[in-house]
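Work through the exercises below with the model open. Each task is followed by a stepwise solution.

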Amino acid sequence: GNASGCLGAYMVEHGLLPIGADATATFYAGQGVEVARPGRVLVEARRKAVGDPITIRIAGEAVIVLKGELTVA
């Protein structure tokens, strides 16, 4: 999902993904096939005007496969 969000921002920045009248570009991205956990996410990239920041939203379902704890000393 994270890489798909970056891809959406890149594609909007470089004019590779069309932006609709609502200032949003959307696409579905497949993921997880290589680790036998296939799925897909919806990526929305929003930019109101050239030079404005690109806002990314990723939607989909997730399954927790690992939990951990990090302690910073």
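**Exercise 1.** What volume does the largest pocket have?

*Solution.* The model is predicted: local features need pLDDT of at least 70, side-chain atom pairs count only at pLDDT 80 or more, and totals for chains, interfaces and linings use all residues. Residues are numbered from 1 along each chain as its sequence is written, and side-chain values use heavy atoms, without hydrogens and water.

Step 1. A pocket is an open set of points on a 1 Å grid over the protein atoms alone, where a 1.4 Å probe fits, with protein on both sides within 12 Å along at least five of seven lines.
Step 2. The volume, the space filled by probe spheres set on the points, is about 280 Å³ for the largest pocket.

**Exercise 2.** Describe the lining of the largest pocket.

*Solution.*
Step 1. Lining residues have an atom within 4 Å of a point. There are 14, and Gln31, Arg37, Glu61, Ala62 and Val63 lie nearest the centre.
Step 2. By class, 6 are nonpolar, 5 polar and 3 charged.
Step 3. S2 contributes the most, 3 residues.

**Exercise 3.** Work out the strand order and the edges of the sheet.

*Solution.*
Step 1. Strands are DSSP runs (E, at least two residues), and two pair if DSSP finds at least two bridges between them.
Step 2. The open sheet has 3 strands, ordered S1-S2-S3, with antiparallel pairing.
Step 3. S1 (24–31) and S3 (55–59) each have a single partner strand, so one side of each lacks a neighbour in the sheet.
Step 4. S2 (residues 39–46) pairs with S3 over 5 bridges. Alanine 45 has isoleucine 56 in S3 as its bridge partner.

Technical notes: Helices (H or I, at least four residues) and strands (E, at least two) are DSSP runs, numbered from the N terminus. Ala, Val, Leu, Ile, Met, Phe, Trp, Tyr, Cys and Pro count as nonpolar, Asp, Glu, Lys and Arg as charged, and the others, Gly among them, as polar.
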